[in-house]
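Open the model in the viewer and follow the stops below. Each one says what to select and what is there.

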Amino acid sequence: MRPSGCCSGTGPEELIRDVIVPALGAAAAGGVLQDAAVVALPASAALRSGAVVISTDSFVVSPLVFPGGDIGSLAVHGTVNDLAMRGAVPIALTAALVIEEGMPIETLRAIVTSMGVAAAACGVTIVAGDTKVVGRGAADQMFVTTAGVGCLLDGAQIGADRVQARDAVLLSGPIGLHGTTVLSVREGLGFESAITSDSQPLHRLVAEMVAAGGADVHALRDPTRGGLASALNEIAAASRVAVLLDESALPVPAEVAAACDLFGLDPLHVANEGCLVAFVAPRSVAKVLAAMRSVAAGTAAGQVGTVTAGPAGRVAMTTMVGVSRVVDMLVGEALPRIC
Amino acid sequence: MCLGVPGRVLAIDDEGGLPMAQVDFGGIRRDVCLVYLPETQVGSYVIVHVGFAITEVDEAEAQRTLEVLRTMDSDALAAELGEPAPGSGVATTPSPGLP
Amino acid sequence: MKYLAEYRDPVLARRLVHEVCATATQRWSIMEVCGGQTHTLVRQGIDEVLPVRMIHGPGCPVCVTSLEVLDRALAIAARPEVTFVSYGDMLRVPGSSTDLLALKARGADIRIVYSPVDAVRLAAANPDRQVVFFAVGFETTAPANAMALLEAVRRGLENFSMLASHVLVPPAMTAVLEAPDCQVQGFLAAGHVCAVMGWAQYEPIAAKYAVPIVVTGFEPLDLLEGILMTVRQLEQGRAEVENQYARAVRRDGNRPAQLALERVFEVTDRTWRGIGAIPASGLRLADEFAAYDAELRFDVGDIVAAENPLCIAGEVLQGTKNPTDCAAYGRICTPRSPLGAPMVSSEGTCAAFHRAGRTA
C-alpha cells in the first residue's frame with residue numbers, strides 16, 4: 001500500500017490483496033478474489049432446477065456514505081433485490097470497483113467491509129471481482145458494478161407483463177426514505193433529521209410471499225430511482241393495464257412528507273431501497289399480506305391500490321376532491337424548487 | 001408566493017452577525033435566517049421560504065380559519081353528503097375496495 | 001406538519017367544493033397568479049370539479065425569466081473561473097440553445113442551493129472562484145436574495161456577484177387586465193408575495209378594474225376558500241381586496257423585508273418571457289451595488305436570444321390559450337424535451353397539464 005493512504009494508479013493488485021479481500025471477510029468465497037468463479041447451485045425442492053437467474057447493476061450514489069448505509073451495502077442489497085424481484089434466491093455476487101485516484105484507503109476499506117457484512121447477512125458470497133483505479137475526475141470517488149446469480153423459487157411465475165385485471169397492488173413498507181436520506185446529506189440542501197435509508201435485502205420477504213401465494217404473485221418491483229410512481233408506470237405499461245392508487249393508503253413517514261414539502265418534491269418520485277410493490281391476484285391477497293407481515297421487512301405491508309379498467313399503462317390516483325389524476329413517471333432528476 | 005412551509009422555532013443563534021434559528025418542520029430540522037423577523041421567539045411558528053422566515057403564523061387566525069370551515073353549514077351539508085361533522089366522534093367511512 | 005396538514009382535510013375540501021357549487025350562479029373566470037397555487041389546483045384536480053373557470057396566470061418566476069437573461073446566465077456559467085449557483089427550478093429551463101443542466105453535464109461548475117445564504121457560504125469557502133448567484137423570483141424571494149448580497153458586501157466577499165432578475169406581481173396583474181381579450185373577472189393573489197408586501201397595492205387595482213382580489217394560501221383548503229370568497233364577491237357585485245390567508249398575511253406585510261428590497265433593488269422595466277415588456281415590473285440591482293452585479297462584471301458580449309417559433313408560452317401564461325391548444329404540446333414539447341419554460345417547471349402550466357395527463 002502506498003504510504004500516503006490514497007488509492008493510486010499503480011498497484012490495484014496490492015489494493016485487492018491488502019485491502020479488499022481482508023475487508024470482505026467471510027463473504028469473499030475461498031478467501032481469494034478471482035476474475036471468475038465456479039459456483040455450485042444448491043439442489044432443493046424449493047428451487048426450480050435448471051433455472052438460473054442473473055442480474056447486473058451499477059451503483060454511483062453520492063455521497064458514498066449516508067445514514068443507514070453506504071455504496072457497498074447499497075450494492076449488495078440492490079443486487080440481491082434485483083434477483084429477488086424475479087422470484088430468485090440469491091446465491092453469489094460479483095463486484096467490480098472503479099476507484100478514483102486519491103480516494104482515501106480508509107474509505108475504501110470501510111465500504112468493502114460494509115459489503116462483506118451485508119453479503120454475509122444475506123447469506124451470499126462475493127465470488128469474483130475486479131478493481132480499477134482511474135485518474136482524478138474520471139469517477140466520482142467510486143463506482144460499483146455487480147452481477148448477481150440466483151436460483152428461481154419453485155412456484156414463482158413473476159414478470160412485469162403478468163399483471164391481470166383486478167390484481168391488488170401491495171406495498172411492503174414506507175416509501176421515500178432512501179431518497180430523502182441522501183438529500184439530507186447533500187451539499188447545499190442538507191437538513192438534520194432522524195431518517196435513515198431503508199436499504200435492506202428483500203429476498204426472504206419474497207420467499208415468504210411466493211410460498212404463500214405461488215403463481216398468484218404476478219409482478220414484483222423494488223421502486224428505486226424514480227420512486228413508486230415510475231415502477232408502477234413501467235409495470236402498467238408492460239402488462240397493458242390501468243392502476244388506481246388510494247392516496248390515503250400510501251405509507252409516507254412524517255419526515256419524508258416534511259422534507260418533500262420543504263423542497264417541493266413528490267414522495268411518489270423519491271427513490272426507495274428497501275421496499276417492494278407487488279401485484280397479486282385477489283384470492284391470494286390475504287395470505288400474501290399475512291406472509292409479508294410475518295417477516296421483518298414487511299411488518300408494515302398493506303394494499304395501496306388495484307388494477308382497474310382504464311387506458312393501458314395509465315396509473316391514476318383519486319384526489320381528495322374525488323377526481324382521478326394521473327401519476328406520471330419521473331422525468332429527469334427530481335430537483336428542489338422555490339415555486 | 002411559492003414554496004413556503006411552516007416550522008417551529010427551536011433555538012435562536014447568531015451566525016457572524018446574522019440572526020439564525022433552528023427550525024423544526026415536522027421532524028426535520030434546518031437552520032433558517034431570522035433577519036426579517038427579529039422579534040421571533042422560541043416556540044413560535046414561522047413560514048419559511050428559501051431558508052428565510054418571511055412571516056410568523058398567527059395561531060389564533062389559523063384556528064379561526066379552520067373553525068369557519070368546520071362549522072360551514074355542517075349539519076345541512078353532513079345530511080346531504082352523508083358525512084358526520086369532524087369531532088363528532090363518528091368514524092368516517094374508509095375508502096372502498098381495501099381490506 | 002402542523003399548520004399544513006389541517007388544510008389538506010378531504011372532508012372539509014369536499015364541503016368547500018359543495019359550497020362553491022351552491023353559491024355560483026354562473027361560470028365565473030378567476031385567475032390564480034402564483035405557480036404554487038396552480039400546482040395544487042392541478043395536482044388535486046380542483047379546477048375540474050368547480051363550476052368556475054380557473055385561468056392559470058403568469059405566476060411562475062422561473063417560466064417568465066426572459067430568454068435574454070437566461071442566455072446571459074448560460075454564458076456566464078460556461079466560464080471556467082465561475083461557480084454558478086442557482087435554485088433548482090432554473091436548471092432545466094431551455095435557453096436559445098442549451099440549459100444549465102446540460103451545461104453542468106458538460107463540466108460547468110453549476111451548483112444547486114435551497115437558500116441564497118448557501119451561495120454566500122460557497123463564496124466564502126472558495127475565494128479563488130468567482131461565485132455567481134442567479135437571483136430570480138417574485139417579491140417573496142427577492143428579500144432573501146437581497147440579504148445574500150448585503151451579507152457578501154458586509155463580509156467583503158469580492159468574488160461574489162449576483163445576476164438579478166426579479167419580477168413583480170401587481171404590474172403583471174395590471175397587464176393581464178389591460179389586455180384587449182382579458183376574460184379574468186377575479187383574482188387569487190399570491191399568498192407569500194403578500195406575506196412580504198402586504199395587500200395595500202392591490203386595492204387600487206381592485207377599484208380601477210372592478211375585480212375582486214382575494215389573498216390566498218397554497219393548500220387545498222386555502223385555494224377552495226379563496227375561490228369561494230371570490231365567487232361570493234362576484235355574485236354580490238363587490239370588488240374588494242380580502243384576505244383568506246389570514247394566518248400568514250397582514251395588510252402591511254413584512255416591513256424589514258420591504259426595506260431590504262428598497263435598499264438593494266430598483267424597480268425597472270422587465271421583459272416577461274412569452275409576454276413581452278411590462279413597464280416597471282421588475283427589480284434590478286441598485287447602482288450602489290454595481291460592483292457586485294454579474295451582468296457588469298462578466299462581459300459576455302451581445303446576447304441574441306431566439307425563441308422556438310412553435311412555442312405559445314405567452315398566450316398560455318396570459319391565460320388566453322390552454323396548453324392543449326398548442327400544436328407542439330405533448331408531441332415535440334414534453335417535460336423531457338421542453339420547448340418553452342412553462343413545460344419545465346412543475347408549476348408551469350404546460351407541465352402541470354402534462355403531468356395530470358390532460359390531452360388535446
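Start in chain A, with an open sheet of seven strands in the order β8-β10-β7-β11-β9-β12-β13, with mixed pairing. Strands here are DSSP runs of E of at least two residues, helices are runs of H or I of at least four, and both are numbered from the N terminus. Two strands pair if DSSP finds at least two bridges between them. This is a predicted model: local features need pLDDT of at least 70, side-chain atom pairs count only at pLDDT 80 or more, and totals for chains, interfaces and linings use all residues. Residues are numbered from 1 along each chain as its sequence is written, with chains lettered from A and ligands numbered from 1 in the order in which they are written.

Next, select β9 (residues 242-246) and β12 (residues 315-318) of chain A, which run parallel and are joined by four bridges. L245(A) has M317(A) in β12(A) as its bridge partner.

Move to chain B, which has two helices and five strands, in the order β-β-β-β-β-α-α from the N terminus.

Finally, show chain B with chain C: 35 residues of chain B and 40 residues of chain C take part in the contact (C-beta atoms, placed from the backbone, within 7 Å). On the chain B side, α1(B) gives the largest share, six residues.

Key:
Two residues are in contact if their C-beta atoms, placed from the backbone, lie within 7 Å.
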